[in-house]
Amino acid sequence: MMRIRTYCKDDISEICDLINQELGYEVACDDLETRIRQMEEDKNYMIFTAVDDGRVIGFIGLHMCLALEITGKAMRVIALAVSRDFQNQGVGSALIRKAEEYGRENRASVMLVNSGLKRIRTHGFYEKHSFYKKGYSFCKRLEQPDMEIETEDGGKNGF
């Protein structure tokens, strides 16, 4: 039976697999572990995992922040992925519900998410959960001599 719980360190490799396989990014597990460790030190981040029979089948990463145009806190979904074998079975919806509950408990007034232009099915998922299209999201890489950031289209010059 599937349950939603708070992330634990043993989840790293399965979350890494979901990011690489379901979201299509190339993320090294060691790098991911470092980033998540940094997130754990910051109370504004939270990760929930969906677990079935001891296996992580989905996760949602959240970031609480402030925005100049929003009254109250904003909660941003920084990542959401569900294993292909468990998609269309309510796992993503359960993760969204858990995030909404967490947001309310932490006094967030809005939940935000960015979704790649090519992820049409994903857009429908978010709209089904009462998200609405508000605008475009733009990214610009800030040159760092020791950092490579992969683009959505596989390039190495931006997000």
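Reader: Where is the place of D53?
Author: D53 sits in the loop between β2 and β3. The model is predicted: local features need pLDDT of at least 70, side-chain atom pairs count only at pLDDT 80 or more, and totals for chains, interfaces and linings use all residues. Residues are numbered from 1 along each chain as its sequence is written, and side-chain values use heavy atoms, with hydrogens and water left out. Strands (E, at least two residues) and helices (H or I, at least four) are DSSP runs, numbered from the N terminus.

Reader: Why is D53 called exposed?
Author: Exposed means over 50% relative accessible area, buried under 20%, and partly exposed in between (1.4 Å probe, protein chains only). D53 has a relative accessible area of 75%, so the residue is exposed. Its phi is near 55°, a positive value in a residue other than glycine.

Reader: What makes R107 exposed?
Author: The relative accessible area of R107 is 66%, so R107 counts as exposed. R107 lies in the loop between α3 and β5, and its phi, near 65°, is positive although the residue is not glycine.

Reader: How do you know that strand β2 and strand β3 are joined?
Author: Two strands pair if DSSP finds at least two bridges between them. Strands β2 (residues 45-52) and β3 (residues 55-65) have eight, and they run antiparallel. Within this pairing, A50 stands opposite G58 of β3.

Reader: How many bridges join β3 to β4?
Author: Eight, and these strands are antiparallel. G58 has V82 of β4 as its bridge partner. β4 and β5 pair over five bridges, in the parallel sense, with K73 partnered by A108 in β5. Between these two strands the chain passes through α3, and the β-α-β crossover is right-handed (clockwise from the first strand over the helix to the second, with the strands pointing away from the viewer).

Reader: What is the order of the open sheet of five strands?
Author: The order is β1-β2-β3-β4-β5, with mixed pairing. β1 (3-6) and β5 are at the edges with a single partner strand each, so one side of each has no neighbour in the sheet.

Reader: Why is β4 described as largely enclosed by the rest of the structure?
Author: Seven of its 10 residues are buried, so β4 is largely enclosed.

Reader: Which residues are buried in helix α4?
Author: In α4 (residues 120-128), H123, F125 and Y126 are buried. They span an arc of only 155° around the axis, so they lie on the same side of α4 (the arc is that of the directions from the helix axis to the C-beta atoms). The face turned away from the buried side carries the exposed I120, R121 and K128. The buried residues pack against β4 (73-82), α3 (91-105) and β5 (108-113), where contact means heavy atoms within 4.5 Å. After α4 comes S130, with a positive phi near 70°.

Reader: How many aromatic pairs are there?
Author: The count is four. Rings of Phe, Tyr and Trp (its six-membered ring) pair if their centres lie within 6.5 Å; planes under 30 degrees apart are stacked, over 60 edge-to-face, the rest tilted. F48 and Y102 are 5.5 Å centre to centre with 75° between the planes, an edge-to-face pair. F48 belongs to strand β2 and Y102 to helix α3, so the pair ties together parts 54 residues apart in sequence.

Reader: Why does F48 count as buried?
Author: Its relative accessibility is 4%, so F48 is buried. Y102, at 11%, counts as buried too.

Reader: What links F125, Y126 and F131 into a cluster?
Author: Ring pairs do.
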